[in-house]
Amino acid sequence: MKKILYFLPLVLALSCAEKGEKHIEKEITEEIHEDTMAAKPDSVLRHNVFFSFKETSSQEDIQSVIDAFRNLQNEIDGIEAFEYGVNSSPEGLNQGLTHAFTLTFYSNEARDAYLPHPAHKAFGAILGPHLDKVTVIDYWSRP
């Protein structure tokens, strides 16, 4: 019986410590979540670019354009996200445009710095020989 009395405070101390660790872990997780949420604005600027490529451009040529476009986020500050895809709409309303790209910016100034940036101009030189048509639409997202 005495042995149980000796172990009882130890068991209580361990159970309290475990609860304290879980509480601290929860606080840290909530702080990280709040910091992440605070870093993202309510509205973002989407720069949407739609291409069609010349019939003479190979899949390798098109892939090199995609890779160069994707790499701009590594060369130009202010590009917060990049994504692309190939048209899959069954409606037939794409007017020949086949590839869609979206760059995300957090400000007009970031987008405006991207447009004349030397890396963007270099990308244009890679794209140029393969480009058939292009359409660009920018908008501020609304949740």
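Contacts between residues 24 or more positions apart make up 77% of the contacts in the protein that have a separation of 6 or more. The model is a predicted one.

**Figure 1. Overall arrangement of the secondary structure.** The protein comprises four helices and four strands, which follow the pattern α-β-α-β-β-α-α-β along the sequence. Of its 143 residues, 24% count as buried.

Figure 2. The four strands of the open sheet are arranged in the order β2-β3-β1-β4, with antiparallel pairing. Strands β2 (81-86) and β4 stand at the edges with a single partner strand each, so one side of each is left without a neighbour in the sheet. From one strand to the next, the twist averages 15°. Helix α2 packs on this sheet, where it touches β1, β2 and β3, and its direction makes about 160° with that of β2.

**Figure 3. Strand β3 and its two pairings.** Seven bridges connect β1 and β3 in the antiparallel sense; V49 stands opposite F101 in β3. Strand β2 is joined to β3 by six bridges, and these two strands also run antiparallel. Within that pairing, T102 in β3 is the bridge partner of E83. Strand β3 is mostly covered, with six of its seven residues buried.

**Figure 4. The largest nonpolar core.** This core has 21 residues, and those with the most contacts inside it are F51, F69, L72, Y114 and F123. Two or more residues are given to the core by each of β1 (45-53), α2 (59-75), β3 (99-105), α3 (108-114) and α4 (118-127). Helix α2 gives the most, with six residues. In soluble globular proteins, nonpolar side chains tend to be buried together. Beyond residues up to four places away in sequence, L72 touches I79, Y114, A119, H120 and F123.

Figure 5. The buried residues of α4 are A119, H120, F123 and L127. Seen down the axis of α4, these residues fall within an arc of 100°, so they line one face of the helix. An α-helix has 3.6 residues a turn, so residues three or four places apart point the same way. The cover over the buried residues of α4 includes β1, α2, α3 and β4 (131-140). On the other side of the helix, P118, K121 and A125 are exposed.

**Figure 6. The surroundings of F105.** F105 is placed in strand β3. Its relative accessible area is 0%, so F105 is buried. The C-alpha atoms of F105 and L45 are separated by 5.0 Å, although these residues are 60 residues apart along the chain. Apart from its neighbours within four places in sequence, F105 makes contact with V44, L45, H47, G78, I79, E80, A110, R111 and Y114.

Figure 7. S52 belongs to strand β1. With a relative accessibility of 2%, S52 counts as buried, the cut-off for this class being under 20% relative accessible area. From C-alpha to C-alpha, S52 and G96 are 6.2 Å apart in space, while in sequence they are 44 residues apart. When residues up to four places away in sequence are not counted, S52 touches G96, L97, T98, H130, L131, D132 and K133.

**Figure 8. The backbone at Q95.** Q95 lies in the loop between β2 and β3. This residue has a positive phi of about 50°, although Q95 is not a glycine. Most residues other than glycine have a negative phi, and most peptide bonds are trans. Q95 is exposed, and its relative accessible area is 65%.

Definitions and conventions
Residues are numbered from 1 along each chain as its sequence is written. This is a predicted model: local features need pLDDT of at least 70, side-chain atom pairs count only at pLDDT 80 or more; totals for chains, interfaces and linings use all residues. Side-chain values use heavy atoms; hydrogens and water are left out. A nonpolar core is a set of buried Ala, Val, Leu, Ile, Met, Phe, Trp, Tyr and Cys residues joined through side-chain atoms within 4.5 Å. Buried means under 20% relative accessible area, exposed over 50%, partly exposed in between (1.4 Å probe, protein chains only). Contact means heavy atoms within 4.5 Å. The arc is that of the directions from the helix axis to the C-beta atoms. Two strands pair if DSSP finds at least two bridges between them. Axes are lines fitted to C-alpha atoms, for helices over the stretch in contact, and angles run from 0 to 180 degrees between N-to-C directions.
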